[in-house]
Each structure stands twice: as structure tokens, then as C-alpha cells.
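Open the model in your viewer and keep the selection panel at hand. Each stop below says what to select and what is there.

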Amino acid sequence: MRPQSLQSVLVAGLIPLLPSCSDQAARDLESDESVSTTAALAASCSGCHAGPDAAIASFSGRSQSELAALMLEYQRGEGTTVMHRLARTYSDEQITAIAGYLAEAPAP
Amino acid sequence: MTGLNRRTLLSGMGALSLMPAGAAFARTDARLVVIGAGFGGATAARSLKALLPRASITLIDPAEAYISCPFSNLIMGGDRSLSDQTFPINGWEGRGIEHIRMTARSVDPIKRAVELEDGAVLAYDRLILAPGIVFRWGAIEGYSPEATARMPHAWKAGPQTNDLRRQLVDMEDGGTVYMSSPEAPYRCPPGPYERASLIAHYLKTQKPKSKLIILDSKDTFSKKPLFQEAWAEDYPDHLEWVSAVDDGRVSRVDTQAMTLETDFETHKADVANIIPPQKAALIAERSGVTDPTGWCPINAISFESSLQSHIHIIGDAAIAAPMPKSAFSANLQGKVCAIQVARLLNGLAPEPTRLVNTCYSFTSPEKAISIVGAYTNKTGQFQSIEGAGGISPLAAPDFVRELEAVQAKAWFDAIISETFG
């Protein structure tokens, strides 16, 4: 997943040198995580988790495996918070993908 | 710059960075226009810029500042002020987004052009409409814009929010406050019941001989078991709910006599809060994207109008049920719609995903409850995901409610930071 993203960044840097070509752009965009299914899935997270108040934890600095483990704990746990109900939205595969995406988000 | 402000600023940047560095190679000559700088539109404009940094992006909104409806019910008891709710709509040029501080008068979906109030015309490749709601004046006989002076709706946070608070403060102890709650769909489904809870809390603590009565046009409502549990426990003498089947539907008001009429009764109010039925804002109608319900049907994957191509509708104006008309939904729809527009501009099909909604409601200044919704959109309609989502547990100890109140405040700071920060 991540190598693709790195490739996208490299391609993005080179593109001003390349002739405009919509097919090429489409192919590049296809491999760009910013418009991927995972990006759309992860878009839900920042509505609560991008704020200044520590009462809702930040995921910045956490690894993919740590974030995925937390999500699965919420999903399977019996707690009372929003996250316990929300985590059940996603399959295990989706949780892994979202966790990987968030772990790679640039630190604030 | 204070530490807090610096943290807020940095976190705001963090929020944006969750939309990863955009595809600088993506089509650069697209002209994208967003109408409405609320939770949906402002988020969409920022997301488009992050995804398509070299596209031309214009945000149209006449207001100097956005006044947030979420948390405005806390003004009823004096726990917040309108200034806490007010966020300037500025700084857009610094983000690389053109901001036109005007009203959009109409949209020509064939020529793909927006006409502004000064007659100027703005062409677009893709238009995102996030115009919010207007009220259906006359749906309740006697309820007009003029009637709001005596009977405020306060359903767009602003001067009327303060008016309603002032009327509660001025009311003598022993008075009766009436609220009329509308049929669905409307902005913020649990909002009337949060407001009723916070007014009841104010009455209980400041004017204990007074009472609030909700006259409802519905028989059920969002988080009903949790609200009713809180009311029975905290406000048994200060809050009464009358369902539609029990003659709760208000059909007429008289602001001189201060009365609300249902089918069989006339109720005399000391303070009356009328929350009228609603529909998509007028620009939606003038764009040809509303259906006979007054709301905007969309394809749930791309948010593109079912009635006009190249116009996407997000937020309260859209028909997204079972996704509610909430700030969280609008903000998320802004982000997801921007991703799908970026795909479309580059010849890629929009992709189905899963979306969620979260919504906290205060039942007192220190206690809150929540609801979570989870949705798929792969059929082109939103559908709830079975086994996911749901409401806070019933019969929970106070600390559960107090924790959700603390988290509600953190949510508010986060969504404000992401949208307006």
C-alpha cells in the first residue's frame, strides 16, 4: 500500500515536466491514495480526532498495528463510547487499511 | 500567540493533512465552485484544494461569520454565549481558494454557470451545493418571519437564539414554555429534545414553578429512549412531551394571543419556540435540483444530483436518509464528495465507501448521550449497516453521561478546527 503512495509522491513531483495527458493523469490518480476507497473510509475519523482537545485521542504518532489493535478492541469490547458502536461499521480488512492510512498521515 | 491557539492551529493543519498531499498531476484547469461555507461547503472547498491544488476553487457565501447550531442549545441556560458559537468566514485566499462574499442568485445547469447577486456569471466544471435549509413559512398558519419576534424559531443559530434565551430569563416563575417540534425530515433530528432538556434544566434550577411542554408533530424521535429516561429522572416536573397521536401537532399560532393551536386544543404560552418545517435553501430550487419534497435527491456514491449533472449536493439540503441532517454528516460528505469529484475530473468512476454519523446531545450542561449511524452507499442510496451504530446504553451510571459530555466538547472543537480553523 505505502510503496504506491511513495510512487505517487515521486510522480507528482515530476509531472510538471511531463506533457499533459488525461490517460496518464487517470492512471496516476488510480494509484494515488488520496482518492482511494481507503481515503474515503478514513475521512470519517478526522471529524472527531483532529481537534485540540485530548478528551478524544489523537492517532498521530501511532503505528498501523497499534491503531488496528485499538479499533478491534473497540469493535469487540463492551464499552459505552461512540467508538464501541462505530468500530463495528468496518470489516477487519477495512480496519487494517484505515489504520495503515492514518498511521501514514503526516504528523501535525 | 498563546499555547492553546498554537495547538489549535497545529491541530488544524493536522486535520487538513489527513487529506493527504493532493494529486498535483490531476487535471489542473477545472473550475470548481462551492456554494455555502458551513460544515459541508467549507470542508468541501478545503478538501478539493488539498486533492486538486492547481484547480480553480471558488467559495460563495455572503456571511461574515458562521454561527454554529451545534452547541447553541447550551445558550438557553446561559452556559454558552453566541460569541462562543461564531467563527469568521475569512482567510480563504490564504488557502488558495477564491472567496466571493455574495449571494448566488441562480444556477444554469445547462450552461454550467452561477449567477451572483450583482449579475456576474461564474462558469463551473463541477458545482458543489451546500446551501442548508430555509423554513416553510405558512406551513403553520400564522407563523411568518414577522412572527419570530414573539415566537422565535432559533433554528439557525443567531440573534433568535439570544431572543429565546432573553424571553426565558424575562419570564416569571410559574410560566409555561411551549416548543413546537416539526415532522421529519429537518435539520438536527435530536436538536429539539436537547434544547427541551436544557430549557427544563434552566427552569428546574432557576424557575422551579415553571414548565416546558413539547408539542410534537411526530410520535417518535432520535434517541427517544435516552431522552425519556433522562427526563423521567431529572425533569419529571419540568418537561412534558405530547406526541402527534396525543394531539401534539401544532397547526396554527397567534402571536398576539401567544397561543398554539392543535386539532383539539388551544395552548396559552408565556414563551413559545416554534421550530417550523423546512426544505432545501432557495438556491437549490433555483438550480433545478429539488424534487416535490423540497429536498435534493442525489446519487449517494458521488453526491451528484439525480436531476442535474455536474451539480453535487451535500449537507442538510440533500436527501441522504438514513444519514441525518447533522454537522458531522455535512462535514464528512464534504470530504467524501471532494474525493469523488477529484476522481470524476480525472476520468475515474466514483467509488462506494462506508460513512458514519456521530451526534452528541446534552441532557443537562454536564451530561450527554450519543447516537452513531453507519451507512453503505453502494446501491446509490444510503443504507444503514446492520449490527453497527446505535445509541448510548440505557440505565448507565452518571459517569458514562459525564464522559460523553466531555467527549462532545472535544468533538465540537475538532469539527470546528477542521472546518473553520
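**Stop 1: the whole complex**

This is a predicted model. Colour everything by pLDDT before you start. For the complex, the predictor gives an ipTM of 0.89 and a pTM of 0.91.

**Stop 2: chain A**

Select chain A. Its average pLDDT is 78. A score of at least 70 is reached by 69% of its residues.

Which elements mark the two ends of the confidence range in chain A? Go to helix H1, residues 2-14 of chain A: its mean pLDDT of 38 is the lowest among the elements of the chain. Then go to helix H6, residues 82-86 of chain A, which has the highest, at 97.

Now select residues 1-21 of chain A. pLDDT stays under 50 along this stretch. The model has 19 contacts beyond four places in sequence for these residues.

**Stop 3: chain B as a whole**

Switch to chain B. Here the mean pLDDT is 94, and 93% of the residues reach 70 or more.

Show chain B as a cartoon. You will find eight helices and 25 strands. The radius of gyration of chain B is 22 Å, close to the 22 Å that the globule rule gives for 421 residues, so chain B is as compact as a globular protein of that length.

How much of chain B is buried? Buried residues account for 55% of the 421. Look at the contacts between residues at least 6 apart in sequence: in chain B, 69% of them join residues at least 24 apart.

**Stop 4: a pair of helices**

Select residues 327-345 and 398-420 of chain B. These are helices H7 and H8 of chain B. Their axes lie 11 Å apart, and the packing angle is about 40°. The crossing of H7(B) and H8(B) is left-handed.

Zoom in on the contact. From H7(B) come B:Ala327, B:Phe328 and B:Asn331. They meet B:Ile415, B:Glu418 and B:Thr419 of H8(B). By class, this contact of H7(B) with H8(B) has three nonpolar, two polar and one charged residues.

**Stop 5: two cis peptide bonds**

Move to B:Ala184 and B:Pro185. The peptide bond joining them is cis, with omega at about 0°. B:Pro185 sits in the loop between strand E11 (176-181) and helix H4 (191-206) of chain B.

Next, select B:Ala321 and B:Pro322. The peptide bond from B:Ala321 to B:Pro322 is also cis, and omega is near 10°. Find B:Pro322 in the loop between strand E21 (318-319) and H7 of chain B.

**Stop 6: two positive phi angles**

Select B:Ala154, in the loop between strand E10 (133-135) and helix H3 (159-170) of chain B. B:Ala154 is not a glycine, yet its phi is positive, about 50°. Buried or exposed? B:Ala154 counts as buried because it has 24 C-beta neighbours inside 10 Å, and the cut-off is 20 or more.

Finish at B:Phe303. This residue lies in the loop between strand E19 (296-297) and strand E20 (311-313) of chain B. B:Phe303 is not a glycine either, and its phi is positive at about 65°. With 29 C-beta neighbours inside 10 Å, B:Phe303 counts as buried.

Note on methods. Residues numbered from 1 in each chain as written. Chains lettered and ligands numbered in written order. Predicted model: local features only at pLDDT ≥ 70, side-chain atom pairs only at ≥ 80, totals over all residues. pLDDT = per-residue confidence, 0-100. Helix = DSSP H or I, 4+ residues; strand = E, 2+ residues; numbered from the N terminus. Contact = placed C-beta atoms within 7 Å. Rg over C-alpha atoms; globule rule 2.2 N^0.38 Å. Buried ≥ 20, exposed ≤ 12 C-beta atoms within 10 Å, placed from the backbone. Axes fitted to C-alpha atoms, helices over the stretch in contact; angles between N-to-C directions. Left-handed = near helix turned anticlockwise from the far one by under 90°. Nonpolar A, V, L, I, M, F, W, Y, C, P; charged D, E, K, R; others polar.
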